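Please read these notes with the model open beside you. Each point takes up one part of the fold.

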Amino acid sequence: MRRVLLTLLLLSAVTGLYAAPQIPTINLTIGAPAEPKDLVNSLNLVVVLTLLVLAPSLILVMTSFLRLIVVFAFLRQAMGTQQTPPTQLLVTLALVLTLFIMEPMGKQAYEQGIKPYMDKKIGYEVAFDRAVEPFKQFMLRNTREADLALFYRIRHLPNPKTEADVTLPILLPAFMISELKTAFEIGFLIFLPFLVIDMVVSSVLMSMGMMMLPPVMISLPFKILIFVLVDGWHLLVGNLVESFK
């Protein structure tokens with residue numbers, strides 16, 4: 001009994017010496033701002049969080065990613081390699097090439113908009129306009145006039161007189177359908193040589209009476225061999241990067 005009491009006393013003493021650390025609390029209550037500055041800081045935080053949520057979508061609609069990923073999907077379909085290269089690898093390659101292509105625009109946006117805003121020289125509205133301007137010019141260079149005019153007709157708006165008059169809500173969908181059309185044109189050119197190989201292999205198999213043998217099984221090694229011999233990735237990536245104005 002004495003040993004039990006002694007043990008309890010020792011445990012209580014140790015617990016007293018090594019008390020549990022204080023866990024800080026976080027206040028998530030919403031209240032009225034005490035000063036106008038507090039409201040501006042809250043709005044800036046909301047804007048930043050919104051941009052972070054929309055960042056993946058912005059990469060799709062304002063950069064070269066759309067054309068690249070569609071062309072890579074056409075290439076894999078034309079070769080008939082099923083899931084090789086894997087989708088994750090193709091998406092990663094498209095992202096890396098997008099960073100390479102959009103790097104000059106990103107630097108220009110940082111120097112004109114983000115850096116002055118961080119130095120508190122301009123407001124966030126001016127910073128947004130300056131940061132978006134390089135990407136807007138990129139989209140205008142790669143958007144067909146007919147696609148741009150389509151959305152102006154849908155909105156029943158007069159055609160813009162200058163590039164500065166083009167607004168983002170109209171430029172974004174026009175840029176996307178222009179990129180899709182360009183990607184489909186490139187995909188058609190990619191399909192042609194592989195289609196010829198499939199037709200030749202099918203004709204040879206039919207002439208040999210081997211109609212039950214799938215032509216894709218025979219043509220696939222030839223497609224891969226020809227693609228490697230002509231250094232297909234080098235040609236495709238080089239022409240894709242140069243296709244952006």
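1. Start with Phe 184. This residue is partly exposed, at 48% relative accessibility. The model is predicted: local features need pLDDT of at least 70, side-chain atom pairs count only at pLDDT 80 or more, and totals for chains, interfaces and linings use all residues. Residues are numbered from 1 along each chain as its sequence is written, and side-chain values use heavy atoms, with hydrogens and water left out.

2. Which ring pairs with Phe 184? The partner is Phe 74, in an edge-to-face pair. The centres are 5.0 Å apart and the planes stand at 80 degrees. Rings of Phe, Tyr and Trp (its six-membered ring) pair if their centres lie within 6.5 Å; planes under 30 degrees apart are stacked, over 60 edge-to-face, and the rest tilted. Phe 74 sits in helix H3 and Phe 184 in helix H7 (residues 168-207), so the pair ties together parts that are 110 residues apart in sequence.

3. The structure holds 7 aromatic pairs. One aromatic cluster is formed by Phe 72, Phe 194, Phe 227 and Trp 233.

4. Now the overall layout. The protein has 9 helices and 0 strands. Helices (H or I, at least four residues) and strands (E, at least two) are DSSP runs, numbered from the N terminus. Along the sequence the pattern reads α-α-α-α-α-α-α-α-α. Of the 245 residues, 28% are buried. Take the contacts between residues at least 6 apart in sequence: 71% of them join residues at least 24 apart. Contact here means heavy atoms within 4.5 Å.

5. Next, the packing of two helices. Two packed helices are described by the angle between their axes and the distance between the axes. The axes of H3 (residues 65-79) and H4 (residues 87-118) come within 9 Å and cross at roughly 145 degrees. Axes are lines fitted to C-alpha atoms, for helices over the stretch in contact, and angles run from 0 to 180 degrees between N-to-C directions. On the H3 side, the contact is made by Phe 65, Leu 68, Ile 69, Phe 72 and Arg 76. H4 supplies residues including Leu 90, Val 91, Ala 94 and Leu 97. What kinds of residue make up this contact? There are 11 nonpolar, 2 polar and 1 charged. Ala, Val, Leu, Ile, Met, Phe, Trp, Tyr, Cys and Pro count as nonpolar, Asp, Glu, Lys and Arg as charged, and the others, Gly among them, as polar.

6. Zoom in on Ile 69 of helix H3. Leaving out residues up to four places away in sequence, Ile 69 touches Leu 90, Val 91 and Ala 94. The C-alpha atoms of Ile 69 and Leu 95 are 8.7 Å apart, and these residues are 26 apart along the chain.

7. Thr 63 lies in the loop between helix H2 (36-62) and H3. Is Thr 63 buried or exposed? Thr 63 is buried, at 8% relative accessibility. Not counting residues up to four places away in sequence, Thr 63 touches Leu 58, Thr 98, Met 102, Phe 138 and Phe 175.

8. Two backbone angles deserve a look. Most residues other than glycine have a negative phi. His 156 has a positive phi of about 60 degrees although it is not a glycine. His 156 is in the loop between helix H6 (145-154) and H7, and is exposed at 70% relative accessibility. Asp 231 also has a positive phi, near 55 degrees. Asp 231 is in the loop between helix H8 (215-229) and H9, and is partly exposed at 43%.

9. Finish with helix H9 (residues 232-242). Gly 232, Leu 236 and Leu 240 are buried there. Seen down the axis of H9, these buried residues fall within an arc of 45 degrees, so they line one face of the helix. The arc is that of the directions from the helix axis to the C-beta atoms. The face turned away from the buried side carries the exposed residues His 234 and Glu 242.

Key
Buried < 20%, exposed > 50% of the residue type's maximum accessible area, 1.4 Å probe, protein only.
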